Amino acid sequence: MIVSSDSRHSDPLLEMESVSVNFPVKRPHPFGRRRWIQAVTDVTLQVSEGETYGIVGESGCGKSTLANAMIGMVRPTEGTVRFRGDDLFSLKPKAFKDARHDMQMIFQDPFSSLNPRFTVYDIIKEPLYIRGGASEAAMTEKVLELLRLVGLDEEDLHRYPSDFSGGQRQRIGIARAIVLNPRFLVCDEPVSGLDVSVHAQILNLLMEIQKSRNLTYVFISHNLAVVKNICQDMLVMYLGKTMEIGVSNAIFANPLHPYTKALLSAVLDIDVRESHDRILLKGDTPSPIDPPRGCRFWQRCPFAMIGCETIPAELVEVERDHQVACHLVSGFSSEQRAAGLDRLVSPPSGG
Amino acid sequence: MTDPMLEVRNLKVAFPCAGGVIRAVEGIDLITKKAECVALVGESGCGKSVTALSIMKLLRTPPSVSRIDKLQLDGRDLARLTDREMERVRGRDMAMIFQDAMTALNPVMTVGKQIDEVYRRHTRLSRKDARQQTVSALELVGVPEASSRANSYPHELSGGMRQRVLIALAFACMPKLIIADEPTTSLDVTIQAQVLDVLKSMQQDHDVSALLITHDLSVVVNMADTVYVMYSGKIVETAAVQGLFLEPRHPYTQGLLASVPRLSDDKQAFVQIPDTVPHPMRKPSGCYFHPRCSRSSIPCPQRMPRLEPLENGRQVRCWHPLHQEREM
């Protein structure tokens with residue numbers, strides 16, 4: 001599953017440039033201050049054709065909003081999303097629709113993402129029906145083909161989602177997502193709602209489909225072990241911002257951001273023989289309404305310095321295809337050091 | 001130390017329903033020693049939560065029908081207690097930490113009041129003293145600014161904080177046994193690490209026995225001393241945590257362990273167990289795991305194996321248990 005180096009640097013299939021997504025918060029009263037949830041702030045990334053791109057972060061960090069912006073379900077407040085080189089949000093309605101046929105999504109919860117009153121046939125057929133131009137017989141044939149591909153029986157065709165287990169429902173969700181032969185698939189935590197023994201089945205199925213249909217995946221997860229196994233590039237997000245981005249091998253070999261390190265050490269490994277030191281973060285993720293001015297992670301960072309509170313950390317390239325946004329890595333300027341901004345602060349307890 | 005804190009013998013729970021009978025738990029023996037953390041591991045629908053609720057005697061009849069040969073907590077027979085007597089045991093001698101803090105807490109009562117209630121009910125503390133105890137209980141589980149947080153409603157707290165409140169609630173009277181049903185599944189990884197840390201130190205510092213119910217093997221490694229693996233209502237393997245993880249004997253345990261992606265893995269396909277857990281109303285004949293098992297042979301579809309004792313107090317329910325050498 002390793003993409004050769006030349007394909008990595010070919011034209012990206014999907015490109016996001018300084019994308020920010022803000023949502024307005026309801027004002028407490030008509031003259032109240034307008035406030036925004038800064039769900040995604042200034043994210044730039046490129047997804048190459050045929051690769052699997054991992055997005056990692058905790059709940060509320062904006063990874064699902066980012067995914068929605070990628071496939072045009074949410075209009076970014078700032079920045080551009082380019083799919084095959086075209087700016088997704090300046091396309092004409094017809095062209096936008098065509099582009100959307102090529103980008104599909106697999107949802108996290110296989111219970112709420114399937115209409116309980118539709119049969120399997122209706123669910124998988126729906127996208128074909130909406131696109132139009134196919135006869136009933138052709139649609140049936142296509143649905144049957146996909147049903148077999150995802151490992152379900154023909155007899156299942158006229159059953160309802162409630163007859164299936166979580167893993168089987170996720171298979172139905174996968175069949176629905178690929179029925180229009182998309183090029184680009186966003187998998188938003190596709191296995192976290194499933195049983196452990198089924199995780200591997202679904203992940204393997206996704207990998208097989210990727211190989212046979214040459215699909216490009218964006219894989220959203222909070223499980224770093226899965227991301228390490230299947231992704232070539234990755235992005236670590238915290239509170240809407242990029243903390244670390246690059247080739248996943250480089251990041252796993254040499255994680256530099258304290259948040260990445262904490263995430264890695266929080267993945268409880270099932271190896272009983274080696275116990276490793278864990279970095280325990282204090283407090284909770286702060287609210288994305290009025291996030292911290294400086295580095296968004298500073299309140300929970302075990303290595304926070306005085307300057308981290310006020311000066312945002314910019315992404316710097318530490319090695320080829322590996323960027324980190326952290327003052328520990330980029331350092332402060334000599335004036336800032338003279339002002340004592342590089343002194344460590346002990347982070348406050350609690351959120 | 002030899003006397004078990006909790007002893008469960010031959011617990012059976014069934015739910016009669018329209019299409020037949022769902023046998024959720026089919027004869028389970030469970031022993032928890034003093035200050036020991038025992039994990040009950042299994043996938044959804046294997047009967048682990050029903051087991052926990054039965055031990056707390058929180059299952060209603062109907063809909064459930066249950067039978068138990070022995071239910072003892074610290075030498076006291078709980079099976080014969082009336083509901084009224086059970087109310088005095090729950091919260092004081094054993095307590096439960098539920099999975100979803102948002103539904104387990106009362107949304108229209110401040111969290112402080114909910115913990116006060118435990119003290120008011122089980123001790124003779126005055127209102128004021130109870131609140132003092134509540135605040136120190138919250139401090140113990142790492143809730144910052146505990147005295148003001150005690151006046152918050154559950155929705156004002158984050159998921160991690162709510163789970164801490166549940167832990168404080170369960171440990172309020174320092175019970176002999178804590179039953180934790182999936183205590184961290186709804187939390188983020190970094191918060192999960194915090195909450196597990198709190199739970200473990202509370203359990204160890206106060207010598208409380210714990211029954212941890214989870215599907216997450218990584219939680220088991222970090223918390224438990226002894227593990228029971230459950231599949232379709234039956235215990236299939238039990239062993240000390242080290243032994244189980246290093247040398248699983250039951251093919252199901254081995255499959256579960258192998259299917260967990262590890263950070264140390266190289267890029268490769270994930271090891272998978274074929275098929276899914278059987279529907280509780282349509283369990284296969286013989287060994288329940290045989291349709292998914294690679295070692296299945298003649299006796300497997302016909303007869304259910306017994307839970308056979310092995311060395312070091314291990315037990316396994318399999319016709320063809322894996323041997324000493326690891327066959328990974």
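Helices (H or I, at least four residues) and strands (E, at least two) are taken here as DSSP runs, numbered from the N terminus. By this numbering, A:Asp321 is placed in the loop between β11 (315-319) and β12 (322-325) of chain A. The structure described is a predicted model. The phi angle of A:Asp321 is near 60 degrees, a positive value in a residue that is not glycine. A:Asp321 counts as partly exposed, with 16 C-beta neighbours inside 10 Å. A second residue of this kind is A:Asn214, which has a positive phi of about 50 degrees although it is not a glycine. A:Asn214 belongs to the loop between α7 and β8 (216-221) of chain A. With 10 other C-beta atoms within 10 Å, A:Asn214 is exposed; the limit for that class is 12 or fewer. Most residues other than glycine have a negative phi, and most peptide bonds are trans.

Exceptions in the peptide bonds occur in chain B. The bond from B:Thr61 to B:Pro62 is cis, with omega near -20 degrees. A cis peptide bond also joins B:Pro62 and B:Pro63, where omega is about 10 degrees. B:Pro62 is found in the loop between α1 (48-55) and β4 (65-67) of chain B, and B:Pro63 lies in the loop between α1 and β4 of chain B as well.

The overall form of each chain was examined next. Chain A contains twelve helices and twelve strands. Its radius of gyration is 22 Å, close to the 20 Å that the globule rule gives for 351 residues, so chain A is as compact as a globular protein of that length. Taken along the principal axes, the C-alpha atoms of chain A fill a box of roughly 75 × 60 × 45 Å. Of the 351 residues in chain A, 46% are buried. Among contacts in chain A between residues at least 6 apart in sequence, those that join residues at least 24 apart make up 66%.

Chain B has twelve helices and 13 strands. For its 328 residues a compact globule would have a radius of gyration near 20 Å, and the value of 21 Å for chain B agrees with this. The C-alpha trace of chain B spans about 70 × 50 × 45 Å along its principal axes. Buried residues account for 47% of the 328 residues in chain B. Of the contacts in chain B with a separation of 6 or more, 65% are between residues 24 or more positions apart.

The average pLDDT of chain A is 87, and 93% of the residues score at least 70. Over residues 1-8 of chain A, however, the pLDDT is below 50; this stretch has twelve contacts in the model beyond near neighbours in sequence. Where pLDDT is low, the predicted coordinates should not be read in detail.

One sheet of chain A is open and has four strands, in the order β2-β1-β4-β5, with antiparallel pairing. At its edges stand β2 (35-48) and β5 (86-87) of chain A, each with a single partner strand, so one side of each is left without a neighbour in the sheet. Strand β1 (residues 12-25) of chain A is joined to β2(A) by ten bridges, and the two run antiparallel. In this pair, A:Pro12 stands opposite A:Ser48 in β2(A). Strands of a sheet pair through backbone hydrogen bonds, either parallel or antiparallel.

The two chains touch each other. In chain A, 38 residues are in contact with 40 residues of chain B. On the side of chain A that touches chain B, at least two residues each come from α6 (166-178), α7 (196-213), α8 (224-230) and α10 (258-266) of chain A. The helix α7(A) gives the most to this side, with nine residues. By class, the side of chain A that touches chain B has 19 nonpolar, 13 polar and six charged residues.

The largest nonpolar core holds 189 residues. The members that touch the most others are A:Met70, A:Val218, B:Ala39, B:Ile167, B:Ala168, B:Leu211 and B:Leu212. Leaving aside its neighbours within four places in sequence, B:Ala39 is in contact with B:Leu212, B:Thr214, B:Val220, B:Met223, B:Ala224 and B:Val227. In soluble globular proteins, nonpolar side chains tend to be buried together.

Methods. Residues numbered from 1 in each chain as written. Chains lettered and ligands numbered in written order. Predicted model: local features only at pLDDT ≥ 70, side-chain atom pairs only at ≥ 80, totals over all residues. Contact = placed C-beta atoms within 7 Å. Nonpolar A, V, L, I, M, F, W, Y, C, P; charged D, E, K, R; others polar. Rg over C-alpha atoms; globule rule 2.2 N^0.38 Å. Buried ≥ 20, exposed ≤ 12 C-beta atoms within 10 Å, placed from the backbone. Pairing = 2+ DSSP bridges. pLDDT = per-residue confidence, 0-100. Core = buried A, V, L, I, M, F, W, Y, C linked by C-beta atoms within 7 Å.
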